[in-house]
Amino acid sequence: MALIAVPANDLNPRVMNCQLTEDQILQFQTQGFLVIDDFLSPQELEHWRKTVMEATAQRSGIKIPGKDIHTGEDDGINEDADYFGKVFDQLINLWQTHAGVKELMLDARIGQMAARLSGSAGIRIWHDQALFKRPWANPTGWHLDAPFWSFSDRRALSIWVALDDATLENGCLYFIPGTFKETNFNDTPIGKNMDGIFSQYPELAKRPSVAGPTKAGSCSFHNALTIHGAGPNMTNGWRRAMTCAYMPDGSTYNGKHNVLPDAYLAKLKVGDLLNNDAQNPLIYPLIPSDL
Ligand SMILES: O=C(O)CCC(=O)C(=O)O
Ligand SMILES: [Fe+2]
């Protein structure tokens with residue numbers, strides 16, 4: 001009987017491009033970021049879009065579970081709610097409030113990619129984050145992620161999955177290659193001025209930046225100490241992304257509150273292991289059965 005060739009994606013519509021080449025790992029480890037084309041199949045992309053949109057709609061503006069903060073309000077992280085409300089719509093830890101997003105975010109294949117890129121044995125979710133630039137949104141100023149977080153580990157990183165084509169016109173990410181080797185955990189707020197970060201790192205102000213346009217379904221990873229930002233949305237369409245930040249297993253509490261729920265913070269002491277699976281699930285090498 002003749003076999004009919006069927007494209008892999010039709011046989012199994014949920015095939016993620018999660019293989020990393022040695023060259024990609026080397027690029028991440030020297031530049032501090034990596035764009036991966038066609039990360040999701042078209043069917044997966046449709047599923048991610050539908051799931052993330054449902055999860056954001058359900059949240060009724062609650063920005064972070066366990067915290068009394070709504071979108072558009074000052075969250076104590078960014079200094080001007082009116083300006084930052086127009087940088088992006090930001091909803092954090094959707095995995096905690098939506099089973100479909102939880103399934104997407106706790107995917108051990110993505111955990112393995114994060115482990116290989118960062119050189120960590122185990123990977124926990126720090127937080128996920130839907131980041132939607134509306135039509136005409138403000139730019140995302142150059143910044144670092146790691147100084148905001150409740151642990152300090154130079155290997156921490158994020159994935160950023162484009163749900164729409166992210167272009168030079170609508171606010172794709174930009175990176176300053178190699179900077180993760182020279183930056184640190186000192187607080188650097190995301191200001192309105194694009195060049196704000198360079199008052200802390202004047203020696204990096206002359207470094208060239210690189211744009212990371214990312215097609216819908218493609219993704220990028222960046223080290224949390226890489227200087228990165230995004231342009232404004234100069235178009236009448238949306239630039240939607242689903243992201244997740246990762247913490248190497250074994251990280252400890254550094255005293256910064258960030259997204260940790262108030263009830264958890266009340267019990268935490270500086271130096272405690274951040275190994276609470278209900279808050280920071282281990283997604284690689286294994287997923288605890290009680291989640
Ligand atoms: O999507 C953006 O505009 C910024 C994303 C970002 O800073 C991040 O994922 O760390
Ligand atoms: Fe960031």
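Before anything else, a definition: when I speak of a helix here, I mean a DSSP run of H or I that is at least four residues long, and the helices are numbered from the N terminus. Please also keep in mind throughout that what we are looking at is a predicted model.

Let me begin with helix α3, which takes in residues 42-58, 17 residues in total. Just after α3 comes Ser60, which takes a positive phi of about 45°.

Which residues of α3 are buried? They are Glu44, Leu45, Trp48, Thr51, Val52, Ala55 and Thr56. These residues lie on the same side of α3, because the arc that they cover around the axis is only 135°. If we turn to the other side of the helix, we find Pro42, Lys50 and Ala57, which are exposed.

And what do the buried residues of α3 pack against? Their partners include two helices, α5 (99-105) and α6, and they also pack against the strands β2 (89-92), β3 (123-133), β5 (157-162) and β10 (239-248).

Helix α6 covers residues 108-118, and its buried residues are Ile110, Gly111, Met113, Ala114, Ala115, Leu117 and Ser118. The helix is followed by Gly119, whose phi is positive, near 75°.

One is Trp136, found in the loop between β3 and β4 (140-143), with a phi of about 70°. The other is Asn258, in the loop between β10 and α7 (262-265), with a phi of about 45°.

Are these two residues buried or exposed? Trp136 has a relative accessibility of 58%, and it therefore counts as exposed, the cut-off for that being over 50%. Asn258, with 13% relative accessibility, counts as buried, because that word is applied under 20%.

Definitions and conventions: Residues numbered from 1 in each chain as written. Chains lettered and ligands numbered in written order. Predicted model: local features only at pLDDT ≥ 70, side-chain atom pairs only at ≥ 80, totals over all residues. Heavy atoms only, no water. Buried < 20%, exposed > 50% of the residue type's maximum accessible area, 1.4 Å probe, protein only. Expected span 1.5 Å × (residues − 1). Arc of directions from axis to C-beta. Contact = heavy atoms within 4.5 Å.
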